[in-house]
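My entries follow in the order in which I checked things.

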Amino acid sequence: MGLIENPKTYTGRDLETIFFRPMFSGQNAEELGIRVMYNMPVPTTVQMWSPRTDLLKDYSADWSGGDSAMRQQKRINLKKIKAEVGFSASDYFQQVYELIVGRSDVNLDDLTGSELEQAETEMFRASIAESLRTLMWVGDITKSSFNLIDGFFTLAKRYSEEIGGAIVNYVDEEVTANNVVDLFQEMWSAAPIELKALKADGHLAFYVTTDICDAYEQYLDSRGGDSAYVDLVTGRRELMYHGIKIVDAGVTKTLSERGDEVTTHCLLTDSRNLTLAVNTSDYPGSEVRMWYNPDVMENRQRAIFMAGTEILDEHLMVVGLF
């Protein structure tokens, strides 16, 4: 246990490169299915540019120029948050040890401090990533848990109601294989023309809860044909409707455990419109610390950072309300 008792603290550059950046870059960021902004200045302001469409004029000697693009700004409010975990020494060692023995390149007779440090860092990092992923979807400051910030589903519902945006109501109706395609079609029909124009970019997606994914798979299984049979046997790596991805936000269990009255969500938008901002550098006190407390014989972990979510253009989405 001696090696695990060594305290470890990540601050500054180490906090960014060793602990947080691997969670929000490359394939990890793609798996989140959204736009991730890391260590942008606080407060984080996003500049959105759209080209003018009516730029060409008749040739003449006079000047008729103007801006080539229109600019909008959206501010992302970040909140200082923390994650704290405590394990008894024996439980902690067992969890870290399990991560190590699963690797073929580790000599169990000669475990160095770096091997243990890697394992316990990965364990804590995975816990933070999953908690933050859930928070960014179903965060709601009025609820009893996951209430630090408002997540995308919460923001989408509020913004749509405030601006009178595109809303498809399925109140008191359960999503099944018989009506799930009707849901997708109604949401697509209700989509503003600006959102439909982005389909060719390949970033549109239906962000849904698991029950909608299940209903759509049951619908596809019932269609018959060789391809449906193959998919029924081997499964489907991803679901799509008319070329638009269907992404399971993976929050159904959380919504049920929290006791939410509504546990079915569906949001159609461009993935670049959903933004998660994380900052670990713009204020004192940002750190990840792991240490052993001998007074209570407990291994403890703490992370302090800032995070926030925002929907950049509240007009470029369609919300399904249940």
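I take helices (H or I, at least four residues) and strands (E, at least two) as DSSP runs, numbered from the N terminus. This is a predicted model, so I note that local features need pLDDT of at least 70, side-chain atom pairs count only at pLDDT 80 or more, and totals for chains, interfaces and linings use all residues. Residues are numbered from 1 along each chain as its sequence is written, and side-chain values use heavy atoms, with hydrogens and water left out.

Entry on Asn279. I found Asn279 in strand β11 (residues 274-279). Asn279 counts as buried because its relative accessibility is 0%; buried means under 20% relative accessible area, with a 1.4 Å probe and protein chains only. I looked up where its side chain goes: it reaches the backbone oxygen of Met40 at 2.8 Å and the backbone nitrogen of Ser281 at 2.9 Å. Leaving out residues up to four places away in sequence, I list Asn39, Met40, Val42, Leu78, Phe305 and Met306 as touching Asn279 (contact means heavy atoms within 4.5 Å).

Entry on helix α1. In α1 (residues 12-20) I noted Leu15, Glu16, Phe19 and Phe20 as the buried residues. Seen down the axis, they fall within an arc of 120 degrees, so they line one face of the helix; the arc is that of the directions from the helix axis to the C-beta atoms.

Entry on the core. The largest nonpolar core has 48 residues, and Phe20, Trp137 and Phe305 have the most contacts inside it. A nonpolar core is a set of buried Ala, Val, Leu, Ile, Met, Phe, Trp, Tyr and Cys residues joined through side-chain atoms within 4.5 Å. Helix α4 (residues 113-138) gives the largest share of this core, seven residues.

Definitions and conventions:
Buried < 20%, exposed > 50% of the residue type's maximum accessible area, 1.4 Å probe, protein only. Polar contact = N/O pair within 3.5 Å; in protein donor to acceptor, adjacent residues only side chain to side chain.
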